[in-house]
Amino acid sequence: MKEMDSMAVAERAMAQIRKGAFLTVKAAENLNTMTIGWATLGFVWQKPVMMVAVRESRHTFGIIEKAADFTVSVPAGGMEDELSFCGTKSGREFDKFRQCKLAVVPGRSVASPVIDVPGIHFECRIVYKTPMVSGGLDEKYRGRVYPEGDYHTLYFGEIESCYEISR
């Protein structure tokens with residue numbers, strides 16, 4: 001495991017996140033992972049922060065609402081089938097970890113684990129969350145991205161740890 005500067009790997013991580021990454025959240029005994037294709041990395045409140053977006057309709061939403069943190073595992077590649085499954089199937093109906101043979105390892109600085117795959121891993125402590133409201137979004141995006149009005153809640157996580165797992 002190699003410690004990394006989250007901002008130094010931001011461009012490489014974001015290139016893969018656009019293709020898919022795993023957002024994993026644990027609260028009490030509830031654990032789920034889902035595929036994300038949207039996120040932001042940057043500095044907010046003078047801290048390195050990752051922002052992820054989760055719709056209320058997602059199984060992960062009920063867990064992240066009770067969680068103090070989340071992780072994002074950005075696979076180095078070759079996980080298209082697992083990313084597709086975790087992005088199209090609900091944790092309400094499937095055990096995604098068993099179905100996709102995804103192992104987890106404990107987070108180093110947060111309660112949520114990371115997916116045990118080669119790639120870049122971000123461990124984030126939730127420092128702010130806010131639901132999106134339609135009036136705050138440019139109308140060009142409303143109909144195209146939210147035709148059913150199912151807006152995301154935005155979760156800002158201070159990056160507590162960033163590292164790469166390689167094999």
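Predicted model: local features only at pLDDT ≥ 70, side-chain atom pairs only at ≥ 80, totals over all residues.

At 63% relative accessibility, Ala 28 lies over the 50% cut-off and therefore counts as exposed.

**Loop residues with positive phi**

- Most residues other than glycine have a negative phi.
- Ala 28, although not a glycine, has a positive phi of about 55 degrees.
- This alanine, Ala 28, is placed in the loop between E2 and E3.
- Trp 45 is likewise a residue other than glycine with a positive phi, near 55 degrees.
- The loop that holds Trp 45 runs between strand E4 (40-44) and E5.
- Trp 45 has a relative accessible area of 51% and is therefore exposed, the cut-off being over 50%.

**Helix H1**

- In helix H1 (residues 10-17), the buried residues are Ala 10, Ala 13, Met 14, Gln 16 and Ile 17.
- These buried residues fall within an arc of 160 degrees when H1 is seen down its axis, so they line one face of the helix.

**Helix H3 and Cys 86**

- Helix H3 has Leu 83, Phe 85 and Cys 86 as its buried residues.
- Viewed down the axis of H3, its buried residues lie within an arc of 165 degrees, so they line one face of the helix.
- The face of H3 turned away from the buried side carries Glu 80, Asp 81 and Thr 88, which are exposed.
- The partners against which the buried residues of H3 pack are H1, strand E2 (21-27), E3, E6 and helix H4 (96-99).
- Cys 86 belongs to helix H3, which spans residues 80-88.
- The relative accessibility of Cys 86 is 2%, so this residue counts as buried.
- Not counting residues up to four places away in sequence, Cys 86 touches Phe 22, Thr 33, Met 34, Thr 35, Lys 96, Cys 100 and Leu 102.
- Cys 86 and Phe 156 are 70 residues apart along the chain, and their C-alpha atoms are separated by 22 Å.

**The largest pocket**

- Rolling a probe the size of a water molecule over the atoms shows where empty space is left.
- The volume of the largest pocket is about 420 Å³.
- Its lining is made up of 23 residues, and those nearest the centre of the pocket are Met 34, Thr 35, Arg 58, Cys 86 and Gly 87.
- Two or more lining residues come from each of strand E3 (30-36), strand E5 (47-55), helix H2 (59-64) and H3.
- Helix H3 provides the largest share of the lining, with 5 residues.
- By type, the lining residues of the largest pocket divide into 6 nonpolar, 12 polar and 5 charged.

**Ser 73 in strand E6**

- Ser 73 is part of strand E6, which covers residues 69-75.
- With a relative accessibility of 0%, Ser 73 counts as buried because the cut-off is under 20%.
- The side chain of Ser 73 reaches the backbone nitrogen of Ile 115 at 3.1 Å.
- Apart from neighbours within four places in sequence, the residues in contact with Ser 73 are Ala 21, Phe 22, Val 114, Ile 115, Ile 120 and His 121.

**Ser 161 in strand E10**

- Strand E10 (residues 152-165) contains Ser 161.
- Ser 161 has a relative accessible area of 7% and is buried.
- Ser 161 touches Glu 3, Arg 108, Ser 109, His 121, Phe 122 and Glu 123, with residues up to four places away in sequence not counted.

**Arg 142 in helix H5**

- Arg 142 is located in helix H5 (residues 139-145).
- The relative accessibility of Arg 142 is 28%, and this residue therefore counts as partly exposed.
- Leaving out residues up to four places away in sequence, Arg 142 touches Ser 134, Gly 135, Leu 137, Pro 147 and Tyr 151.
- Arg 142 and Trp 45 are 28 Å apart in space, C-alpha to C-alpha, and 97 residues apart in sequence.

Conventions. Residues numbered from 1 in each chain as written. Heavy atoms only, no water. Helix = DSSP H or I, 4+ residues; strand = E, 2+ residues; numbered from the N terminus. Buried < 20%, exposed > 50% of the residue type's maximum accessible area, 1.4 Å probe, protein only. Contact = heavy atoms within 4.5 Å. Arc of directions from axis to C-beta. Polar contact = N/O pair within 3.5 Å; in protein donor to acceptor, adjacent residues only side chain to side chain. 1 Å grid on protein atoms, 1.4 Å probe; cavity = no way out; pocket = protein on both sides within 12 Å on 5 of 7 lines; lining within 4 Å. Points joined across faces, edges and corners; volume = space filled by probe spheres on them. Nonpolar A, V, L, I, M, F, W, Y, C, P; charged D, E, K, R; others polar.
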